[in-house]
Structure formats: structure tokens, C-alpha cells
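Here is a short briefing on a two-chain model. Please have the sequence and the coordinates open as you read.

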Amino acid sequence: MVEGALWRRWVFFYIPLTAFVVSLLFPFYWMMVTTVRPDSELYRPWNAPNYAPFWTTHPTLVHIRDLLTETLFSTWMLNTMIISIAATAISLFCGLLAGYALSRLKFPFAGSLGTVIFITYLVPQTLLFIPLADIIRNFRLGDTPWALILTYPTFLIPFCTWLMMGYFKSIPKELEECARIDGATRWKAMVYIIFPIAVPGILSAGIFAFTLSWNEFLYALVFLSSPEQKTVPVGVTSELIRGDVFYWGELMAGALLGSIPVAFVYSFFVEHYVASLTGSVKG
Amino acid sequence: MTYTTVASPSVYAGSPKRGPITRLLEDERWLAMTLLLPTVALLGLFIAYPFIEGVRLAVTDAKVGIPGHFVGLQNFEKIWNDDIFHVAVWNTCVYTAVATVFKLVLGLWLALLLNHNFKGKAFTRAFILLPFIIPTVLSTLAWKWMFDPTFSVINWMLFRLGLIHSRINWLGDPNLALISVIIVNVWRGLPFYAISLLAGLQTISPELHEAAAIDGARAWQRFRHVTWPLLLPVTLVIVLFSVIQTFADFQLVYVLTGGGPANATQLFATYAYQLGIGTGLLSEGATISLAVFPVLLLVVIVQLLYIRRVETH
């Protein structure tokens with residue numbers, strides 16, 4: 001607690017903290033209010049005398065109903081779910097094995113390979129999306145979920161590897177050595193002794209990878225074209241805006257519902273998420 | 001006497017009960033190679049290959065569906081003389097610099113606030129990260145709605161507080177659009193800074209503060225001479241990481257303004273998208289994307305030098 005007089009506590013602690021929390025969360029509140037606000041209230045100019053921004057007297061679920069019945073929103077949700085889970089599974093598999101190899105085994109170029117994987121961790125999607133779009137087209141993967149399932153691991157694997165390396169380093173080497181003296185092969189010692197201990201690390205990496213895949217936008221925008229193949233972020237931004245008309249009620253309902261899976265996963269595993277977020281920075 | 005020798009693992013591994021694959025995997029080098037194979041294959045296919053392909057595209061005149069011919073550095077010359085590209089360079093630099101400074105200062109402030117013990121701390125920390133975890137385009141849509149010139153709730157608030165007298169066209173006014181976009185970027189990135197810096201702060205022993213306090217250091221002096229030097233390594237990593245992300249940002253601007261009005265918020269990524277995907281000029285788009293590369297390289301070099309310095313100490 002901040003030391004000193006009551007007014008000091010308010011000025012230096014409560015007021016700034018409240019300001020931060022309110023401004024960080026206000027857009028989400030605004031999303032919710034807009035979702036349940038009827039159109040007649042929604043399109044009332046801000047300087048109109050009866051503009052009541054923070055609540056609504058006639059809450060309605062009509063926007064959510066329209067979103068679920070008149071658009072492909074549920075298809076997008078399903079697509080995003082499948083793609084995110086598949087990409088996360090591939091990345092965890094690769095990251096787990098690579099992390100083990102780089103942190104535990106001695107082999108030529110181990111150090112430089114670790115550095116290369118670290119560098120790929122920093123490569124933004126922006127750098128590669130145009131040639132990658134060309135390659136996806138040549139592989140005939142364009143407009144299929146595979147385009148994303150195979151390319152998302154490029155930014156997930158480096159992260160998973162990096163996180164798992166840190167995790168494996170914290171497991172004492174003696175555990176494996178004991179197993180091997182008892183007759184286990186290297187492979188068995190790895191799969192049956194070390195991997196089960198690494199489950200919390202795998203969980204952290206998985207949660208982080210899942211939220212990153214759910215959030216991805218640029219690749220999904222470029223590689224997918226037909227409406228029924230799209231993911232939530234791309235579907236909501238491109239299909240719910242018809243011409244120049246913004247259906248704000250539906251848009252905000254889409255934004256709200258599209259955020260729920262991520263928020264849900266996050267709420268259950270906050271500690272794991274924070275651990276992977278800060279772990280990835282401290283490296 | 002030799003018959004008391006304990007069997008070593010390698011003797012076991014060589015025993016005839018095991019198949020050739022198991023024996024091969026007993027060798028560290030073969031095992032490492034096997035374990036790294038999927039990673040190297042995927043990263044090679046979808047990072048190294050596209051990168052080479054990108055460089056190749058940049059020196060041809062390829063368009064969608066047309067392979068194109070070698071044209072040397074013509075594309076680089078073209079964008080060098082392109083006015084929109086100049087605007088994009090300037091915007092990207094301003095966007096990155098201003099957003100990073102605000103994210104760092106505000107993030108540090110928030111981290112210091114969260115480092116106190118108070119009721120509901122874990123709860124607050126969990127909620128504060130929401131802007132970072134909610135899909136960026138979806139939360140950006142909420143901002144677009146909040147910035148809407150006719151229905152803006154921000155305008156309403158500022159008007160009620162007596163700060164403005166007429167409407168502000170946040171995204172439509174070329175002078176304001178970049179500021180608006182920066183505000184959203186800071187809003188989104190701040191939690192990442194705050195939570196990462198908080199993790200850094202928590203590794204600093206409170207005893208150091210107590211010792212400094214006993215020696216008569218005031219709050220500001222304690223921050224300046226105790227906290228800040230210890231926090232610097234973490235801060236550097238966070239800033240470098242975030243600079244790349246901000247420099248290469250796409251989705252936020254794409255949703256809010258699409259680069260407009262009149263290229264006032266055009267960044268590298270949005271311009272590359274507009275040319276490469278929008279108009280199908282693959283080679284020019286790829287050339288502009290590559291402009292991100294020098295910055296990436298610089299950051300990587302700084303990182304590596306820094307990691308080496310830490311390791312040698």
C-alpha cells in the first residue's frame with residue numbers, strides 16, 4: 001500500500017489506477033452496450049439531446065439473432081476453432097521436440113540453430129505475406145483451412161520452442177540420468193520422464209499459441225477468399241460491412257461473441273498465460 | 001575382479017534386444033536431428049523459402065498470374081521515387097516512435113501501481129490484460145465505432161466536460177487520423193508493457209528499497225537509482241520486441257482507416273497490401289514489405305549483442 005496520508009493515497013494510487021482500468025476496459029463495455037441497443041437508439045447523433053450513451057432502456061437481442069441467423073458467423077467460429085486448435089497442436093508438437101533437443105542434447109550447430117529459431121520468432125507476418133501468398137497459391141492451398149494451419153506454426157513454433165527450452169532447463173538432468181541407468185533408452189526417458197514433468201509448460205505454450213492463432217488477421221485476410229472459409233476476425237471485418245454501410249449492432253455483437261472463446265480460455269488459465277507472456281520476454 | 005562392473009547405459013543400448021532405430025536414437029546427434037526435423041521443415045518451407053521468394057519477386061516485374069522477368073533494382077528505384085512510399089516511411093517512423101514512448105511511460109506507471117499490495121490485485125491484473133488478448137481487429141472495430149464522427153461517444157464525453165465545442169472527426173481529419181491510430185495502438189500495447197514490466201519489478205528484492213530508504217533516498221531517487229537500473233534489461237527486451245511489432249503493424253490501421261484519409265495513416269504494411277494484394281503488383285508489394293527487413297535486422301543485432309554481453313558477464 002502507498003504510504004502517507006489519505007489524500008496521497010488517492011492522488012498517487014487510487015485515481016491513476018482507476019483511470020487506467022476504466023480507459024482500458026471502456027471499449028469492451030461499449031461493445032456490450034452497443035450489442036444490446038436497439039437501432040432506433042443506436043443511430044442518434046452524439047449531440048442530440050436524448051443521447052444516452054452508457055445504458056439503454058430497451059435492451060434487445062435482435063443483433064445477436066441476426067448475426068447468428070443471417071450471416072455465416074457460426075461457420076467462421078467453427079473455422080477459427082478448427083484452425084486454431086490444429087495450428088496449436090502442430091506447434092506444440094514441433095516446439096516440444098525442438099525445445100528438448102536444443103536445451104538437452106549436444107550436437108553440432110546447436111547454438112546457432114537456437115539463434116536462428118529465436119530470429120524467426122521476431123519475423124513479423126508483414127515481411128512475408130506477399131511471397132507466401134504466391135507460394136500458397138502454387139501449392140494449391142489457397143482458400144482452404146490448410147493455408148492457415150500450416151502457416152500459423154511459423155510464428156507459433158519459435159515461441160513454443162523458446163518457452164519449452166526455458167522450461168526444460170529448469171528440470172534437473174539427474175532425472176533422466178537415473179532413468180537411463182535403470183535401463184530406459186534416451187527416447188523413453190524423454191517421453192516418459194521429462195515430457196510429463198513439462199506439462200505445465202506445454203499448457204502455457206498451448207494457451208498462448210491458441211490466443212495468437214485466434215487473433216491472427218493478415219494471413220487469414222490474404223489466403224482466404226470465399227465467405228464460408230473465413231475466420232472470425234476476417235469474416236466480421238469484411239462480410240458484415242456491406243458496401244459502405246456499417247451495421248454497428250451486428251458488428252459489435254460479432255466482436256463480442258468472437259472474443260468469448262479467447263476470453264474464456266484466458267479466464268481459466270490467467271496464471272499460465274501471464275507466465276508464458278513474461279517468460280517469452282525474459283527468454 | 002572384472003565381473004562386478006556395473007553395466008553402463010551404452011552397453012544396454014547396444015544389447016541385441018533393441019531395434020536399429022532405437023540404437024540410432026541413442027546417439028545424441030541422431031536424436032537431435034530427428035527431433036528438430038519437423039520444426040526445420042516447417043520453418044524452412046514457410047519462412048526461409050518465402051523470404052528467398054520475396055527477394056526474388058523484388059527483382060522481377062511479377063504480377064498475379066504472370067511470373068515476370070528479371071528487372072534488377074528497378075522496383076527499388078521506383079519506390080525510392082514514390083511519394084506515397086515517402087509518406088509511408090515517415091508515418092511508420094512517427095507511429096512507432098510516438099506509440100512506443102507512450103506505451104513505455106504509461107506501461108511503467110501502471111506496472112508501478114500494480115506492484116503495490118491492494119485488495120483485488122490479481123483480479124485487476126487479469127482484467128487489465130484484456131486489450132492485449134482480445135482479437136485486435138475486433139476491439140479495433142469498437143474503437144472505430146467510438147471514433148465515428150456522428151455517433152462518437154468520445155465526442156459526447158469531451159463536449160460534456162466542456163473541452164470541445166464542435167465535433168471532432170477523429171479518423172476523417174488527415175491531421176488527426178494518425179493520432180487516433182496511435183491512441184488505439186497505445187491502448188492495445190500498454191497491458192503487455194505493464195504486465196511484463198510488473199514481472200520484472202517483482203524480481204527486484206524489496207530489501208534494496210528498504211536499504212535505500214534507510215540511507216535517506218526519496219521515492220523518486222529510489223526509482224531512479226535502484227528500480228530503473230535493475231529493470232533496464234527487461235525493458236530493453238520488451239521495447240525491442242514491441243518496436244518490431246509496431247513497425248510492422250497492419251491490422252489496426254487496416255480496420256480503422258485503411259491507410260487514409262489521403263494516405264495520412266499509410267504504413268509499410270498497409271501500402272504493401274494495397275499494392276501487392278489490392279492491385280496485384282506482387283513485385284512492388286514484396287519490395288515494400290522488404291523495407292521492414294533492415295529494422296528487423298537492426299533489432300536482431302542489438303538483441304544478439306545484448307544477449308552475448310549478458311552471457312559473458
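E250(A) sits in helix α14 (residues 248-268) of chain A. Helices (H or I, at least four residues) and strands (E, at least two) are DSSP runs, numbered from the N terminus. The model is a predicted one: local features need pLDDT of at least 70, side-chain atom pairs count only at pLDDT 80 or more, and totals for chains, interfaces and linings use all residues. Residues are numbered from 1 along each chain as its sequence is written, while chains are lettered from A and ligands numbered from 1 in the order in which they are written.

**Around E250(A)**

- Is E250(A) buried or exposed? E250(A) is buried, because 24 other C-beta atoms lie within 10 Å. The cut-offs are these: a residue is buried with 20 or more other C-beta atoms within 10 Å of its own, exposed with 12 or fewer, and partly exposed in between, with C-beta atoms placed from the backbone.
- Which residues does E250(A) contact, leaving aside neighbours within four places in sequence? They are H63(A), D66(A), L67(A) and L240(A). Contact requires the C-beta atoms of two residues, placed from the backbone, to lie within 7 Å.
- F54(A) is 196 residues from E250(A) along the chain. Their C-alpha atoms are separated by 18 Å.

**Chain A: fold and extent**

- Chain A has 15 helices and two strands.
- The C-alpha trace of chain A spans about 80 × 65 × 30 Å along its principal axes.
- Of the 283 residues of chain A, 45% are buried.
- Take the contacts in chain A with a separation of 6 or more: residues 24 or more positions apart account for 76% of them.
- Helix α13 (residues 232-239) of chain A is mostly covered, with six of its eight residues buried. Those are V232(A), P233(A), V234(A), G235(A), V236(A) and T237(A).

**Chain A: domains**

- Chain A is assigned domain 1 (6-60) and domain 2 (72-282). Such bounds come from an automatic or database domain assignment.
- The C-alpha centres of domain 1 and domain 2 of chain A are 34 Å apart.
- Seven residues of domain 1 of chain A contact six residues of domain 2 of chain A. On the domain 1 side, α1 and α2 (39-42) of chain A are the elements that give two or more residues. The largest share, four residues, comes from α1(A).
- By class, that domain 1 side divides into three nonpolar, two polar and two charged residues. Ala, Val, Leu, Ile, Met, Phe, Trp, Tyr, Cys and Pro count as nonpolar, Asp, Glu, Lys and Arg as charged, and the others, Gly among them, as polar.

**Chain B: fold and extent**

- Chain B has 16 helices and zero strands.
- Chain B is more spread out than a compact globule, because its radius of gyration is 27 Å, well over the 20 Å that the globule rule gives for 313 residues.
- The C-alpha atoms of chain B fill a box of roughly 100 × 75 × 35 Å along the principal axes.
- Of the 313 residues of chain B, 39% are buried.
- Chain B is divided into domain 1 (16-58) and domain 2 (82-312). Their C-alpha centres are separated by 36 Å.
- Helix α8 (residues 136-146) of chain B has 11 of its 11 residues buried, so it is largely enclosed by the rest of the structure. Among them are W143(B), K144(B) and W145(B).

**Confidence**

- The model scores ipTM 0.90 and pTM 0.89.
- Chain B has a mean pLDDT of 86, and 92% of its residues reach 70 or more. pLDDT is the predictor's confidence in each residue, from 0 to 100.
- Among the elements of chain B, helix α1 (residues 9-13) has the lowest mean pLDDT (48) and helix α5 (residues 83-114) the highest (94).
- Over residues 10-15 of chain B, pLDDT stays under 50. For this stretch the model has six contacts beyond four places in sequence.

Note on methods. Rg over C-alpha atoms; globule rule 2.2 N^0.38 Å.
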